[in-house]
Amino acid sequence: MPEHTQLCLVSAQPTPNLTPALDPGVAPRRIILLVSPDMRQRADWLEAVLKPRGIGIERWEIADAFDIEHIQQRVLELLERERERVLAADIALNATGGTKPMSIAAYEVFRAYDLPIFYVHPEQDRLIWMHPQARPARDLDNRVRLDAFLQAHGANLESSVTASIPADRQTITDWLVANTHRLGAPLGTLNWLANKSERTLLSPELEQHQLERSVFSELIDRLADAGLVTLQGRRLRFPDEAARFYANGGWLEEHVYATLGDLRREKRQVQDLARGLELHRRDARGAEVHNEIDVACLAENRLYLIECKTRRWGKGDAQDPGNDALYRLETLSDLLGGLQGRAMLVSYLDLPPAVRRRAEDLRIRVCTGARLPELRHHLGQWIG
């Protein structure tokens, strides 16, 4: 794209302004942000991502995001200033963001000046020229990474895990997934014991009848062979925090992450992937909030969040902790992914009917119980 400047309309959805700016084929040298008073913080977030990447940022303030005449006047003033700098023919309008009055007003002024205008299709992640229409549309490159995407949505990624899963641990994980139909109760016991071993790495004592259960013994033997636990009398000892986390449900997180890694090698649209994400952001009142995300990936510049659960579910009533998990997942998907954010719940136990219905109401995909061995297929459909 020959234009070195883009006018972007700042709104609560930063992705359509972010992706063209980071695509080398259309990336500008300079971006002018059309900003209303209530969007100044959003402009801060965008600037924090774009400026370190060598893009010059300027703000063009408007007083009212719904006053078409006012917005037209401000855009006219901008283009006249650019004309005085002999730059008027070197600017394009990204008409995707902002309020509808902002988009309409800016569009009309740019058409009057016969300047280029484009729109980013939210579903197809495709740049479409509105004027002149003779220019070919283009699929935007998947150059955005998780840290930049989250930062543009107001969250700073403090830490995450991107390392591949060791082969020996992947083997035991594959065995767990293939046998969840008969390991339900033993895995629940293991999860509880590992949870109670936090900080000490030593579990409470097991009852003799638990030790005598053949399936539970088989589970502990498998973990012991993998070096993840030792049986000391009636207690389990974990060699380190990583092993305790694995037994406390981390195995499911690793399985989801590894499965997405396989898909990433096959499907080019999966552009970034991480697990165990810890981030902080500020809420509407300015208070700092810390969040944890089990697994996240970007595909075609769209955010996918996955919550992994190995705990037992309640009856699905208002006090069921499963409801909290669903509401948290929905909230984070909206806050961090915008209108195109997606969420999935993966559980090795089946969901109570009430929890499943609530997940459907919140548009959260689920993969649970007997369908867990089919996770690869479900993820492929979901992302594809």
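**View 1. Strands β6 and β7 of the predicted model pair in the antiparallel sense over 2 bridges.** Two strands count as paired if DSSP finds at least two bridges between them, and strands (E, at least two residues) and helices (H or I, at least four) are DSSP runs numbered from the N terminus. β6 and β7 form a hairpin with 6 residues between them, and within the pairing Leu127 stands opposite Arg138 in β7. Because this is a predicted model, local features need pLDDT of at least 70 and side-chain atom pairs count only at pLDDT 80 or more, while totals for chains, interfaces and linings use all residues. Residues are numbered from 1 along each chain as its sequence is written, and side-chain values use heavy atoms, with hydrogens and water left out.

**View 2. The open sheet has 7 strands in the order β3-β2-β1-β4-β5-β6-β7, with mixed pairing.** Its edge strands, each pairing on one side only, are β3 (56-61) and β7 (138-139). Strand β1 (residues 5-9) is joined to strand β2 (residues 30-35) in the parallel sense over 5 bridges, and Leu7 stands opposite Ile32 in β2. Helix α2 (residues 40-50) packs on the sheet and touches β2 and β3, contact meaning heavy atoms within 4.5 Å. The direction of helix α2 makes about 165 degrees with that of β3, where axes are lines fitted to C-alpha atoms, for helices over the stretch in contact, and angles run from 0 to 180 degrees between N-to-C directions.

**View 3. Phe118 and Trp129 form an edge-to-face aromatic pair, 5.5 Å centre to centre with 70 degrees between the planes.** Rings of Phe, Tyr and Trp (its six-membered ring) pair if their centres lie within 6.5 Å, with planes under 30 degrees apart counted as stacked, over 60 as edge-to-face and the rest as tilted; by this rule the count comes to 3 aromatic pairs. Phe118 lies in strand β5 (residues 117-121) and Trp129 in strand β6 (residues 126-131), so the pair ties together parts that are 11 residues apart in sequence. The two residues are also bridge partners, in strands that run antiparallel and are joined by 5 bridges. Both Phe118 and Trp129 are buried, that is, under 20% relative accessible area, against over 50% for exposed and in between for partly exposed (1.4 Å probe, protein chains only).

**View 4. The rings of Trp251 and Tyr348 have their centres 5.9 Å apart and their planes at 65 degrees, so this pair is edge-to-face.** Both residues are buried.
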